[in-house]
Every structure is written in structure tokens, then in C-alpha cells.
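Dear colleague,

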Amino acid sequence: MLKLSRRFFKRLTRTISTPLPRFTTRDMSSSEIKYLGQEEAQNIDKELFDEYGFSVDQLMELAGLSCATAIAKAYPVQSMPKGPGGVLVCVGPGNNGGDGLVCARHLRLFGYRPSIFYPKRPDKTLFKNLTTQCEKMDIPFLSYLPSEPGLINDSYSLIVDGLFGFSFKGPARPQFQEILDTLKKVDIPIASIDIPSGWDVEKGDSEGLKPEFLISLTAPKQCAKYFTGRFHFLGGRFVPQNLALKYSLNLPSYPGTDCIVELKMSHD
């Protein structure tokens with residue numbers, strides 16, 4: 001019995017000491033990472049929920065924090081020209097909008113002054129809770145989006161685009177198409193969450209929004225190949241290594257304890 005216990009202990013020790021698979025640490029450009037199509041991105045999300053036990057609100061919190069952290073790195077609050085940290089966060093009715101609400105809350109904690117435009121609010125507990133959290137932190141909600149781009153330019157230094165995510169299939173409904181048309185006319189930078197809103201997830205949209213900033217979540221989507229802005233970040237440090245290996249995501253290492261990594265633009 002004692003010998004059996006020792007053999008078991010040795011096997012257990014070898015199992016524990018076996019190193020986990022590691023992501024590559026090379027300086028990776030955005031062209032070397034796998035770009036996901038719409039169906040594959042949906043399948044990965046489904047596995048995160050069904051196989052790995054993540055909840056929607058858990059991933060939403062991680063994604064929103066990643067977005068706010070990347071924005072703070074690209075646009076430090078002290079550098080904003082329209083006063084300290086004036087940011088307009090436009091959010092839609094789906095999970096991308098939920099990411100935007102979480103992002104707004106963290107931006108407020110980081111010292112920014114976000115305002116939220118939330119034209120269509122779903123009747124779900126998760127989104128109601130996210131809204132309450134923002135309201136309790138004195139983040140104002142706009143009742144309408146000014147149709148005159150100049151008013152937006154004069155009031156804010158940055159727009160966060162959280163209207164549509166990778167489940168979007170166009171065309172946008174008239175209410176949201178009007179919003180997109182207004183945002184296309186503004187002069188201040190736009191920071192898009194995962195997908196520039198209104199873009200085809202795989203083909204992009206040469207006539208759509210032209211964000212200066214994009215944060216891809218989990219892994220870049222195929223439309224990110226057509227992104228030509230200044231800043232491209234990845235936020236996906238929640239992806240289990242076995243899942244990344246299964247889908248050959250070829251993800252880069254994240255520096256230190258950071259939840260984001262800036263990707264080298266392929267057109268640089």
C-alpha cells in the first residue's frame with residue numbers, strides 16, 4: 001500500500017510539474033494572428049460558455065475593462081483637448097453594448113468624464129444592472145444624439161463605438177443607420193469595440209465608420225484586416241490556452257500582468 005502511494009505521488013508530482021503550453025513571445029504583427037470569421041467567433045463564444053463555464057456578465061466585465069484600459073493607454077486623460085476626459089460612449093442593445101457600459105464605468109474610475117447614449121435598452125436583468133451601475137456613478141445618459149456633428153466635436157474628445165458586435169448582419173435599422181451616418185461625419189477620434197459598427201464582420205465596409213482605434217476581443221475578426229487606424233489592441237487574456245490551441249488562434253503574449261496588448265499594424 002505504501003509503495004502504491006509513493007508511485008501515485010510520483011505520477012501526481014510529474015503531472016503538476018509538467019509545464020502548460022505557452023503562447024509565443026515573439027513580437028507579433030497583427031497579420032500573423034488568426035482572423036476569425038463570424039461563425040468561428042460565435043463557436044468560440046459558445047465553448048467559453050458551455051465548455052469552460054464562463055458567464056456572459058463575467059466575459060463582459062473582462063472585455064469592458066480591457067477596452068477602458070486600452071483607451072486610457074492610447075488617449076491619456078490629461079491629453080484630451082476638450083477638458084479632462086470628455087468621452088461619448090454609444091452603446092447598442094446587444095453584448096457589444098454591454099461591453100460599452102462596462103467600459104464607461106471603468107473609464108469613470110480612471111478619471112474620465114464619460115456620457116452614454118443608449119437608444120435601445122433591452123429588458124434584461126444583466127443590462128438593467130449595468131445601467132444602474134453607471135447611473136450610481138453619476139455617468140449621464142443622453143436622451144438623444146445631436147444630429148449636428150459640430151455639437152459632438154465641441155463637447156467630446158473621443159467617441160467609443162459599442163453599437164454592434166460580431167453577430168451583426170446588415171443593413172442597420174433606420175434608427176441606428178441615422179446614428180452611424182452622424183458618427184461618420186464627426187471629426188474627433190472614434191474607438192470601436194471589437195467591430196467598427198455597421199461593418200460586415202468578414203468583409204469590412206469601405207463606406208462605413210473610419211475608427212482611429214480598434215480593440216479586438218478574444219481574437220481579431222476578419223474585418224480587422226481592413227482597419228487602417230492608428231491603434232489596434234487585443235483584449236483577450238481570458239482565453240484558455242487549450243481553446244486557443246484548438247482554434248489555432250496564434251495569440252501573442254501579454255506583457256506583465258496587462259489585460260491588453262497593442263498589435264503592430266501590418267501597414268506600418
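What percentage of the contacts in the chain with a separation of 6 or more comes from residues 24 or more positions apart? The share is 72%, where a contact means heavy atoms within 4.5 Å.

Before the details, please note that this is a predicted model, in which local features need pLDDT of at least 70 and side-chain atom pairs count only at pLDDT 80 or more, while totals for chains, interfaces and linings use all residues. Residues are numbered from 1 along each chain as its sequence is written, and side-chain values use heavy atoms, with hydrogens and water left out.

The chain as a whole

The chain has eight helices and eight strands, these being DSSP runs numbered from the N terminus (helices are H or I with at least four residues, strands are E with at least two). Of its 268 residues, 49% count as buried; buried means under 20% relative accessible area, exposed means over 50%, and partly exposed lies in between, with a 1.4 Å probe and protein chains only.

The largest nonpolar core holds 43 residues, a nonpolar core being a set of buried Ala, Val, Leu, Ile, Met, Phe, Trp, Tyr and Cys residues joined through side-chain atoms within 4.5 Å. The members that touch the most others are Leu 88, Ile 152, Ile 159, Leu 163, Leu 183, Leu 249 and Leu 251. At least two residues of this core come from each of helix H2 (38-50), strand S1 (86-91), helix H7 (174-183) and helix H8 (241-246), and the largest share, four residues, is supplied by H7. There is also a second, separate core of 36 residues, which includes Met 60, Ala 70, Phe 231 and Ile 260.

A crossing is left-handed if the near helix is turned anticlockwise from the far one by less than a right angle, and right-handed if clockwise.

Helix H3 (residues 56-74) and helix H4 (residues 95-109) have axes that come within 7 Å and cross at roughly 55°. H3 is therefore oblique to H4, since angles under 35 degrees count as roughly parallel, over 145 as roughly antiparallel, 65 to 115 as roughly perpendicular and the rest as oblique. The crossing of H3 past H4 is right-handed. On the H3 side the meeting residues include Met 60, Gly 64 and Ile 71, and on the H4 side they include Gly 98, Val 102 and Arg 105. By class, this contact of H3 with H4 has ten nonpolar, four polar and three charged residues, where Ala, Val, Leu, Ile, Met, Phe, Trp, Tyr, Cys and Pro count as nonpolar, Asp, Glu, Lys and Arg as charged, and the others, Gly among them, as polar.

H3 also packs against helix H5 (residues 125-136), at an angle of about 35° and with the axes 11 Å apart, again in a right-handed crossing. Val 56, Asp 57 and Met 60 of H3 make this contact with Leu 126, Phe 127 and Leu 130 of H5, and the residues divide into five nonpolar, no polar and one charged.

The axes of H4 and H5 come within 9 Å and cross at roughly 20°, so these two helices are roughly parallel to each other, and H4 passes H5 in a left-handed crossing.

Single residues

Ala 41 lies in helix H2 and is buried, with a relative accessible area of 4%. Its C-alpha atom is separated by 10.0 Å from that of Leu 217, 176 residues apart along the chain. Leaving aside neighbours within four places in sequence, Ala 41 is in contact with Leu 36, Phe 166 and Lys 221.

Most residues other than glycine have a negative phi. Asp 194, although not a glycine, has a positive phi of about 70°; this residue lies in the loop between strand S5 (190-193) and strand S6 (213-217) and counts as buried at 5% relative accessibility. Thr 218 has a positive phi near 70°, is placed in the loop between S6 and strand S7 (231-235), and counts as buried at 8% relative accessibility.

With best wishes

Key: Axes are lines fitted to C-alpha atoms, for helices over the stretch in contact, and angles run from 0 to 180 degrees between N-to-C directions.
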